[in-house]
Amino acid sequence: MQVFNAFLKVMKRRMTSALIYVIVFLAISFSFANSKSQEKVFKSTKLNVAVLDEDNTPESKALTDFIGTKHNLKQIEKDENIIKDALYWGITVDYVMEIRQGFSQKLEAKEYDDLFGNYHVHDGFSDALMEQLLNEYITAVGTYQASGMTTSDAMKHTADALSVESSVELADKNSEQQNSDFTEEFSAYFRYMPYILLSVLISVLCPVLLAMSRKNIRYRTNCSSFKTSAYTFQIFLGSMIFVIGIWLIFMIAGTIMNGGIFRGKTWLAVLNSFIFSILSAAIAVLIAEFHPSDTAINLATQVIGLGMSFLCGIFVPHIYLSSGVLKAARFMPAYWYVKANNMIAGIDTFSSKEVAVCFLIQSAFLLAVALLAALVHRTNYSASAQLNK
Amino acid sequence: MFLHYLKYEILSSLRVKDLIFWLILFPIILGTLFKIAFGHLYEKFETFSAIPVAVVDEAPELDSEFVLKMEIFPTRDIIDSVSEGDQPFLKVTYTDRKQADELLKKGKVTGIISMEGKLSLTVHDSGIEETLLQNFVDRFNSSITVVTEAITSNPNAEAEIIQAISTEIKAVTDIPLTKGNTDYYTEYFYNLIAMVAMYGSLTGLNITIRNQGNLSKLGARKCCSPAPKSISLLASLIGSFIVQSICMLICVSFLRFVLRIDFGSRLPAVYLAAVCGGILGVSFGFCIGSIGALKTEIKTSICFAVSMFFCFCSGLMIGNMKIIIEEKAPWFNKINPAAVVTDSLYYLNVDKDYSRFQTKMITIAVLSAAMILLGFGLTRRKKYASL
């Protein structure tokens with residue numbers, strides 16, 4: 001097993017970069033794994049609202065209190081830049097409003113327009129939601145006032161009337177498909193896996209295969225008594241051990257994240273990831289057949305890894321991608337991987353037939369890449385044999 | 001002599017393939033992928049647009065009270081009124097229950113409003129669009145309560161009450177804060193520019209590699225040559241600034257004119273910020289390269305790792321990382337070179353004046369000067385024999 005041992009020796013030197021990829025991926029996956037829970041009931045969105053009360057009257061305070069019952073009240077300094085930055089990011093606050101000076105007087109006088117200022121950055125849903133609420137509140141106050149109530153009574157009645165929320169039925173989109181074995185949250189771990197598999201396998205396997213096929217080493221091996229079939233077998237064995245080793249690390253980590261051995265449909269996701277691992281290795285072999293430089297390997301790793309991740313729905317879910325991008329992505333294997341993963345998790349409608357089709361398409365890609373690698377290898381070999389004649 | 005050094009410094013920098021890859025090709029690839037992934041997200045998902053909703057209007061057993069109220073609140077008219085105009089609130093599909101369920105299941109509508117006896121809402125998720133629909137249903141139902149209570153308290157004022165509830169008001173007026181591009185996914189492109197600027201550290205690192213006798217043959221030859229070290233180093237540094245600036249200009253031009261990223265209305269200042277960021281990156285690499293007699297690989301790894309860490313903290317991988325850090329350790333954002341570059345680009349886009357931008361440019365200048373001085377200080381009087 002001389003070739004096999006040499007292969008492992010070269011690989012050992014390249015393991016650091018593989019380990020960095022694996023460790024970073026697992027660390028991020030573990031930190032996200034604990035923060036998810038399945039949603040069973042409808043929960044209305046509570047915005048972070050900052051109210052700048054310029055009126056400072058019992059009426060404006062009553063309104064602020066009412067907003068506090070519907071949303072989370074936040075404090076913010078009245079500084080244009082601070083408000084602008086906060087709204088641009090929408091993390092600390094979603095909506096900043098000003099209760100204008102003279103609010104209570106205008107209300108008393110039954111003037112209902114231009115009572116509030118909305119610090120405006122985005123034409124977003126938060127603005128629409130708050131505008132709807134404030135208009136509704138003022139309309140209700142006006143209606144009570146029309147019956148002869150005082151402003152403070154009208155505000156009290158309004159707060160009571162608007163406190164009642166209609167019950168909302170939460171329909172389970174894919175009730176037949178959703179399963180507790182492979183939740184949508186856990187499926188994200190499998191969704192991101194192709195990026196790491198491609199990055200690790202191309203950046204490690206390529207340079208190792210290149211080192212093994214370097215001209216002087218290759219010529220020495222060729223003129224030895226070593227059979228070509230045995231050489232190929234040992235290289236294949238070394239590569240497979242590496243690929244399956246990396247894949248197993250992810251599966252063991254997945255088992256830990258899952259809190260026990262995989263069950264039910266999760267095994268389909270496991271099979272999906274296994275097919276993709278082998279496919280990634282085949283891509284690495286194909287790249288190595290072109291004898292690229294270190295810079296070219298770097299370029300290939302980034303283009304293939306990031307390209308498939310952005311286009312095929314690994315980094316950005318399918319729902320957010322435009323139809324044109326999705327159409328183009330069909331020509332890449334990662335698209336079929338993500339599609340199968342989505343169906344297994346119940347994000348898309350599950351169909352065992354369609355999942356099988358996804359597996360078959362990935363296998364077809366695998367076969368095509370392997371054949372192409374063999375063809376390139378044969379062409380290179382013939383070319384070098386011609387030169388040596 | 002200075003010009004001779006400068007010329008060959010620029011020529012040799014342009015022949016380093018790694019630099020061409022990381023400073024020109026990689027940003028072009030990543031920028032294109034960012035554009036494909038994030039290009040339409042803001043408009044499609046963050047900007048308010050009419051919410052698709054299925055309305056089931058079968059009403060098999062309307063209760064008598066509801067029918068009475070429907071005379072005051074003609075539901076269909078109300079729904080129609082909010083689904084028309086320039087900025088409609090709803091995009092309505094009137095259908096039967098079975099079809100509505102199918103539309104909801106396929107994700108074609110956000111919710112189902114049904115008028116089977118009383119108004120009710122069915123959704124398949126919790127979110128802001130669903131909350132808006134819930135508010136709409138609440139508004140309808142609470143309006144009935146408000147009118148009923150008001151009329152009960154003063155039956156004589158029924159006409160005024162109905163008029164008050166039907167009057168459309170506009171209680172909220174916008175106070176616009178910026179005229180710039182408010183698509184926060186643009187931040188990824190700011191970070192891409194910052195990343196190229198930070199990768200300038202590799203160019204900066206090359207200066208020391210090519211001048212330090214123990215790191216390269218060229219460095220060894222330079223150490224033995226009679227040319228003053230200060231002139232040789234200065235030429236290398238200025239040459240690297242020029243090469244890095246060219247890379248920054250290519251990056252910004254590609255983003256602006258090929259990918260059509262909206263950087264606001266002050267493009268010359270965007271170029272200036274990018275070039276200054278690039279100079280900061282080179283200075284950083286020069287400083288790291290000047291530390292001790294470490295091997296090239298170790299210095300390169302340090303440059304890469306620290307640059308990526310800075311970019312991670314400014315939001316290259318997770319868009320809002322800078323804001324998270326702003327809450328926990330705001331001082332770090334003020335000295336993180338990548339965050340300083342992204343901030344300067346952001347201020348150019350959203351601010352009306354240049355005051356915050358100028359502060360960031362001063363920070364870049366001070367950080368660059370400090371790193372260059374530190375680099376010169378560390379390489380000063382370092383002879384080949386002392387390495």
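Biologist: In E3(A), which residue is the bridge partner of A:Val49?

Modeller: This is a predicted model, in which local features need pLDDT of at least 70 and side-chain atom pairs count only at pLDDT 80 or more, while totals for chains, interfaces and linings use all residues. Residues are numbered from 1 along each chain as its sequence is written, and chains are lettered from A and ligands numbered from 1 in the order in which they are written. Strand E1 (residues 48-53) of chain A runs parallel to E3(A), joined to it by five bridges; two strands pair if DSSP finds at least two bridges between them. Within E3(A), A:Val49 is partnered by A:Tyr95.

Biologist: Which residue of E4(A) is the bridge partner of A:Ile99?

Modeller: E3(A) and strand E4 (residues 116-120) of chain A run antiparallel and are joined by three bridges. Strands (E, at least two residues) and helices (H or I, at least four) are DSSP runs, numbered from the N terminus. The partner of A:Ile99 in E4(A) is A:Phe116.

Biologist: How many of the residues of strand E3 of chain A are buried?

Modeller: A residue is buried if 20 or more other C-beta atoms lie within 10 Å of its own, exposed if 12 or fewer, and partly exposed in between, with C-beta atoms placed from the backbone. In a regular strand the side chains alternate between the two faces of the sheet. For E3(A), one side holds A:Tyr95, A:Met97 and A:Ile99 and the other A:Val96 and A:Glu98, and both faces are covered. The number of buried residues in strand E3 (residues 95-99) is therefore, by the 20-atom cut-off, five of five.

Biologist: What distance separates the centres of domain 1 and domain 2 of chain A?

Modeller: The bounds come from an automatic or database domain assignment. For chain A, this assignment gives domain 1 (2-34 + 181-388) and domain 2 (48-163). Taken over C-alpha atoms, the separation of their centres is 55 Å.

Biologist: What is the radius of gyration of chain A?

Modeller: The C-alpha trace of chain A spans about 105 × 45 × 35 Å along its principal axes. The radius of gyration is taken over C-alpha atoms, and the globule rule is 2.2 Å times the number of residues to the power 0.38. A compact globule of 389 residues would have a value near 21 Å, but chain A has 31 Å.

Biologist: Which element supplies the largest share of the side of chain A that touches chain B?

Modeller: Two residues are in contact if their C-beta atoms, placed from the backbone, lie within 7 Å, and 72 residues of chain A are in contact with 64 residues of chain B. Elements of chain A that each supply at least two residues include helix H3 (80-89), helix H6 (151-163) and helix H11 (294-311). The largest share, 18 residues, comes from H5(A).

Biologist: Which residue of E5(B) is the bridge partner of A:His120?

Modeller: E4(A) runs parallel to strand E5 (residues 172-176) of chain B, with five bridges between them. In that strand, A:His120 is partnered by B:Pro176.

Biologist: Is A:Lys110 buried or exposed?

Modeller: Most residues other than glycine have a negative phi. The phi of A:Lys110 is positive, near 60 degrees, and A:Lys110 lies in the loop between helix H4 (103-108) and E4 of chain A. With 12 other C-beta atoms within 10 Å, A:Lys110 is exposed.
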